[in-house]
Amino acid sequence: MVRIAIISYSLYGHTEKIALAIQRSIINAGGSADLYRVDETLPDEVLQKMKAPPKTTSIPIASTDVLLNYDAFLFGVPTRFGTCSAQWSTFWDRTGGIWAKGSLNGKAAAFFVSSASIGGGQESTVKSCLNYLVHHGMIFIPLGYNQCFSELANITETHGGSPWGAGTLAGADGSRFPSELELRIASIQGKTFYEIVKNIYDDSEVTNKGANIPKTEGNNTQANKKTLKQVNVDKKNKKKSNCTIS
Ligand SMILES: Cc1cc2nc3c(=O)[nH]c(=O)nc-3n(C[C@H](O)[C@H](O)[C@H](O)COP(=O)(O)O)c2cc1C
């Protein structure tokens, strides 16, 4: 089975709620997906001033190994100044070593977002994240319109989300939480993403015997398996790469 990780950063819990809806929909569609969170980079003193609630510690922090251990990813990114949060760019800044080896080449990824307001930058946030995918050779899977035209085109109700990915509007004071419509769009994204990646990654699995795969983290269950396709891609990349960044 294709191994999916949902990795998000969430300061006040809005992006995390979308992540949970996406996870549920993947499970309902017959797949599975493990949740991770991106590590905080703001000092405690600043978090206190921002009135940030405690982190959901039951969700493990994503190390860069998580990117190696899964086939496909849904990344949850709250908007900061129309672009991705610094916590996310710090996460990607740690991936130079695996970038040099081409380890993420051909893996699939999608995005979902949260912003304060309409026009606050949901689409530009996803677009800014495409740089990371392109440099890693990853495949962007947009939400598109095909399965959720009526939801995305709904102009009678205020909502986040776009063909670039599901989204919620938190409000300027963070008091608004995902609406039913936004959660429905998130569920559609989870289901369609799962159906697409299931077709990309066939069911021919090999165990990690002989393959250089780090051990599973936390309570996540899928990470010790690797598709035959990915093992072959890794082997080829290992042979080709003579870059020294680690
Ligand atoms: C420093 C900072 C910059 C922000 N910039 C934007 C912005 O450009 N556009 C916007 O709509 N919201 C902006 N926001 C609001 C966040 O996007 C919002 O708090 C977030 O989506 C809530 O999601 P979370 O609870 O998952 O962190 C900003 C928030 C902070 C703290």
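Predicted model: local features only at pLDDT ≥ 70, side-chain atom pairs only at ≥ 80, totals over all residues.

Me: What makes α1 a helix, and how does its reach compare with the expected span?

Reply: Helices are DSSP runs of H or I with at least four residues, strands are runs of E with at least two, and both are numbered from the N terminus. α1 has 15 residues.

Me: Why is α1 called largely enclosed by the rest of the structure?

Reply: A residue is buried if 20 or more other C-beta atoms (placed from the backbone) lie within 10 Å of its own, exposed if 12 or fewer, and partly exposed in between. In α1, 11 of the 15 residues are buried, so the helix is largely enclosed. Among them are H14, I18 and I22. The buried residues of α1 pack against partners including β1, β3 and α8; contact here asks for C-beta atoms, placed from the backbone, within 7 Å.

Me: Why does F81 count as exposed?

Reply: F81 has 12 other C-beta atoms within 10 Å, so it is exposed. F81 sits in the loop between β3 and β4, and its phi is near 50 degrees, a positive value in a residue other than glycine.

Me: And why does K51 count as exposed?

Reply: K51 counts as exposed because it has 9 C-beta neighbours inside 10 Å. K51 lies in the loop between α2 and α3, with a positive phi near 55 degrees.

Me: What makes a set of residues a nonpolar core, and which members touch the most others here?

Reply: The set must be buried Ala, Val, Leu, Ile, Met, Phe, Trp, Tyr and Cys residues joined through C-beta atoms within 7 Å. The largest such core has 54 residues, and I4, A5, I6, I7, I22 and F111 touch the most other members. Helix α8 gives the most to this core, with 7 residues. Leaving aside neighbours within four places in sequence, the contacts of I22 include I6, L74 and F112.

How values were computed:
Residues numbered from 1 in each chain as written. Contact = placed C-beta atoms within 7 Å. Expected span 1.5 Å × (residues − 1).
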